[in-house]
Amino acid sequence: MSKVIIIGPAHPLRGGLASFNERLARQFQYQGYDTTIYTFSLQYPDFLFPGTTQYSSEPAPTDINIKVCIHSMNPFNWLKIGRELKQLQPNIIVVRYWLPVMGPCLGTILRLVKGNRFTKVICIADNVIPHEKRPGDTIFTRYFFKPIDAFITMSEKVLKDLSTFTSKPAQQIVHPLYDNFGEAIDKKVARQHLGLPIDAPIILFFGFIRHYKGLDILLHAMAILSQRSTVNSQQIKLLVAGEFYEDRKPYDDLIAELGIKEQLLLRTDFINDSEVRFYLSAADFVIQPYRNATQSGVTPLAYHFEKPMLVTNVGGLPSLVPNGKVGIIAEPNAAAIAEKIQELYTLGEAHFLPHLRNEKKKYSWQILANAIIGLAGK
């Protein structure tokens, strides 16, 4: 049986990359591959991690093989893992690249693996040029790219950024649906579970809170809406579901300054996988007010739960959201976002559902796995 190794975050680590890698492992298993995820015993030192904890409180998956063994800051560990994988001779290694600081660790491991002259290494590049720049980014990225045979990107922006570093084969594939969080449930049931107003108009900002994601812009938009927009005589409420990955105080100060506290439903702890479907099911629309973006894992999540969305006209987001069909595209400023939120409610959820159901067929895990296999020639 052919072997696939996935290198990247997985349980006990938490977050979107871990969920993605676990779902991809299941797809390779379904297609007949002997699949193992090599994940981190230490991913980031605590001082580099912006959230409360890197670790999941959910039980470990029982249907996939996860080896917790890579220490991102220990070069002796890199040599050990590299030699182990070289000897194991997997047909394909799929490695995630999302942050240049991981370049030395992953680049060293993969250099050793390539010494077996057999394994093909395919990188899924989430970002090539990071959202927040740090010294050493370019050097670390070039070091990591050297042993890669081919690349998968999930946005045109990353594909373009990639071309500034390498001419190796690369293919763009749309981010598959996050279908591993369960099925949608009735909106009222979801709201009751979360303790939300049952009949209020509710929009959702979902995911880690960082500057580039534009929550502050959305807060300004909510202030505009509070002055001029109601739905069935009720003010629109914003449900913020996700952990702060930067200082919370400027956001609290802005909320107080704008006087919009009553419009907000703040759930700013990490959202466990088992709770994701309740938040998506409870919302009328999903709002992504990003300042800049490559792609977003929130978009395929909204597709899976058939939630119309608003995205800003930045990076790869507009190409994933046909305007007026599965959602609305807005310029990344508060006035435009407020106007387009009104437009979402004017059109109504039912307007978007047939288009969402048709468009989501493109977002297949099999398409991604087959692209990886094709690039590897295995």
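Q: How much space lies in the second largest pocket?

A: Rolling a probe the size of a water molecule over the atoms shows where empty space is left. On a 1 Å grid over the protein atoms alone, a pocket is an open set of points with protein on both sides within 12 Å along at least five of seven lines, while a cavity is a set where a 1.4 Å probe fits but cannot get out; lining residues have an atom within 4 Å of a point. Points are joined across faces, edges and corners, and a volume is the space filled by probe spheres set on them. Here the second largest pocket holds about 320 Å³. It has 20 lining residues, and S19, E22, E58, P59 and D273 are the closest to its centre. The model is predicted, local features need pLDDT of at least 70, side-chain atom pairs count only at pLDDT 80 or more, and totals for chains, interfaces and linings use all residues. Residues are numbered from 1 along each chain as its sequence is written, and side-chain values use heavy atoms, with hydrogens and water left out.

Q: Which elements give two or more residues to the lining of that pocket?

A: Helices (H or I, at least four residues) and strands (E, at least two) are DSSP runs, numbered from the N terminus. The elements in this case are α1 (16-30) and α9 (273-282), and α1 gives the most, with four residues.

Q: Which residues line the largest cavity?

A: They are L215, L219, V240, F244, R248, Y251, I255, L264, L266 and T268. The volume of this cavity is about 60 Å³. At least two lining residues come from each of α7 (215-228), α8 (249-258) and β10 (264-267).

Q: Which residues of α8 are buried, and which are exposed?

A: An α-helix has 3.6 residues a turn, so residues three or four places apart point the same way. Buried means under 20% relative accessible area, exposed over 50%, and partly exposed in between (1.4 Å probe, protein chains only). In α8, Y251, L254 and I255 are buried. Seen down the helix axis, they fall within an arc of 100° (taken from the directions from the axis to the C-beta atoms), so they line one face. K249, A256 and E257, on the other side, are exposed. The buried residues pack against α7 and β10 (contact means heavy atoms within 4.5 Å).

Q: How many disulfides are there?

A: A disulfide is a pair of cysteine sulfur atoms within 2.5 Å. The whole structure has zero. For C69, the nearest cysteine sulfur, that of C105, is 9.8 Å away. C123 is buried, at 0% relative accessible area.
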